[in-house]
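Subject: Structure handover

Hello,

Here is the structure we spoke about, passed on to you for your own reading. My notes on it come after the structure itself.

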Amino acid sequence: MTSRRELILGAGAAVAAWPLSAAMAQDAAAPGAAGPGARPAGPPPTPEQIAAQLPLKTTGLEHVSIWVPDVAAAGDFYGKVFNPSLHKEKAPPLRLYVPLSLKEPKPPLSYIAIGAANDRPVQIDHYCALVEAYNPAAMAARLKQEGVESVGRFGMYPDGDKLQLQMLGLPGGLAATTEPAGKVSDAAPIFEPVGLDNVILQVSDLDRSVAWYRKFFSGPVTRSGERVWIEVSGTRLGLEKAAAGGKPAISSFCVKARPFDRAAVTRKLQALGGQVLTAAKADGDVLRFRSPMGLVVDVKGVKS
């Protein structure tokens, strides 16, 4: 088993490279490229290209990104829970990726990205949707018409509560800047993941947020108690009003996994320092836990 120090240094058993978005590889390889989501040079988008960007032609939610105090410790925990074979950025600072599939997957690949919080709060920083024929310049122009500006280098678009949605082109996957990081354990993970199911946002104004996200996602909208669900091509976005005095946040994400023994996985999670929680009725039949880093994750058993 690769030690945490060996993981940081990139030693340990090599694992096969995961699928790579051609657009992301091109961004990463281009001289002076800002990274995935950077707007490519070239002629400005046409009005037709701009108009075609919304609603998104998406294959669903691809990944979530979290900020934690200790990246290696978080990689060790989430790796043992979902997939011990991690990836990392080739260059510092340390950033780890936990693929949400145990087999060499076909795109799109779901994963958890783990970065250092530094002086920032521990949180789920953003989530990402993959977009067919994604044109970053046309998207930026289209959203500018809505009064929305991107933030940073990687195509992040904040909603009215500054919760960040990222968009990347198909087929998605890990960028060319990553490489295998070895295994954190030779044992099987606690769950056998098959991808993301949903991301839940706690917002300040539910009606405003539903209207904002409906610009992006055109799937059916349903209500479950105080929560609104928007279908996103086989995944879901959940919106609910933040508690009085509470701060808007990306509050949790849900991973789909093969059917599991609830009592057995509870014992294993607790042995790793996880805290099993009682899920709300609106969450459905899931196992909810809080990681030692303080972030909430749901796991939903699925047959296929």
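What follows is a summary of what was found, starting with the overall picture and ending with a few single residues.

The model is predicted, so local features are given only at a pLDDT of at least 70 and side-chain atom pairs only at pLDDT 80 or more, while totals for chains, interfaces and linings use all residues. Residues are numbered from 1 along each chain as its sequence is written, and side-chain values use heavy atoms, with hydrogens and water left out.

Overall

The protein has seven helices and 16 strands (DSSP runs numbered from the N terminus: helices are H or I with at least four residues, strands are E with at least two). Of its 304 residues, 52% count as buried. Buried here means under 20% relative accessible area, exposed means over 50%, and partly exposed is in between, with a 1.4 Å probe and protein chains only. Among contacts (heavy atoms within 4.5 Å) between residues at least 6 apart in sequence, 74% join residues at least 24 apart.

Nonpolar cores

In soluble globular proteins, nonpolar side chains tend to be buried together. A nonpolar core is taken as a set of buried Ala, Val, Leu, Ile, Met, Phe, Trp, Tyr and Cys residues joined through side-chain atoms within 4.5 Å. The largest one in this model has 62 residues, and Tyr 78, Phe 82, Phe 191 and Phe 217 have the most contacts inside it. Helix H4 (residues 71-81) gives the largest share of this core, five residues. Another core lies apart from it and has five residues, among them Leu 109, Tyr 111, Ala 113 and Leu 174.

Leaving aside neighbours within four places in sequence, the contacts of Tyr 78 include Ile 66, Val 98, Ile 112, Met 293 and Leu 295. Asn 83 and Ser 291 are also among the residues that Tyr 78 contacts.

Helix H6

Helix H6 covers residues 206-214, and Leu 206, Ser 209, Val 210, Trp 212 and Tyr 213 in it are buried. They lie on the same side of H6 because they cover an arc of only 165° around the axis (the arc is that of the directions from the helix axis to the C-beta atoms). The buried residues of H6 pack against several strands, including E5 (123-131), E9 (193-203) and E12 (235-241). At the start of H6, a side-chain oxygen of Asp 205 comes within 3.3 Å of the backbone nitrogen of Asp 207.

Salt bridges

A salt bridge is a side-chain nitrogen of Lys or Arg within 4 Å of a carboxyl oxygen of Asp or Glu. By this rule there are 10 salt bridges.

One of them joins Arg 258 and Glu 192, with the closest N and O atoms 3.9 Å apart. Arg 258 is in the loop between strand E13 (249-257) and helix H7 (262-271), and Glu 192 is in the loop between strand E8 (178-183) and E9, so the pair ties together parts that are 66 residues apart in sequence. Arg 258 is partly exposed at 27% relative accessible area, and Glu 192 is partly exposed at 33%.

Asp 197 and Lys 300 form another, with the closest N and O atoms 3.6 Å apart. This pair links distant parts of the chain, with Asp 197 in strand E9 and Lys 300 in strand E16 (residues 296-301), 103 residues apart. Asp 197 is buried, at 5% relative accessible area, whereas Lys 300 is partly exposed at 27%.

Arg 227 and Glu 240 also meet in a salt bridge, at 2.9 Å from N to O. Arg 227 is in strand E11 and Glu 240 in strand E12, 13 residues apart. Arg 227 is buried at 4% relative accessibility, and Glu 240 is buried at 15%. Salt bridges that share partners also join Arg 142, Glu 146 and Lys 215 into one network.

Asp 161 and the cysteines

Asp 161 lies in the loop between E6 and strand E7 (164-169) and counts as buried at 15% relative accessibility. A polar contact of 2.5 Å joins the side chains of Asp 161 and Ser 204. A polar contact is a pair of N or O atoms within 3.5 Å; within protein, one must be able to donate a hydrogen and the other to accept it, and residues adjacent in sequence count only if both atoms are side-chain atoms. Leaving aside neighbours within four places in sequence, Asp 161 also contacts Val 203, Arg 208, Ser 209 and Pro 248.

A search of the whole structure finds zero disulfides (pairs of cysteine sulfur atoms within 2.5 Å). Cys 128 is buried at 0% relative accessible area, and Cys 254 is buried at 0%.

Regards
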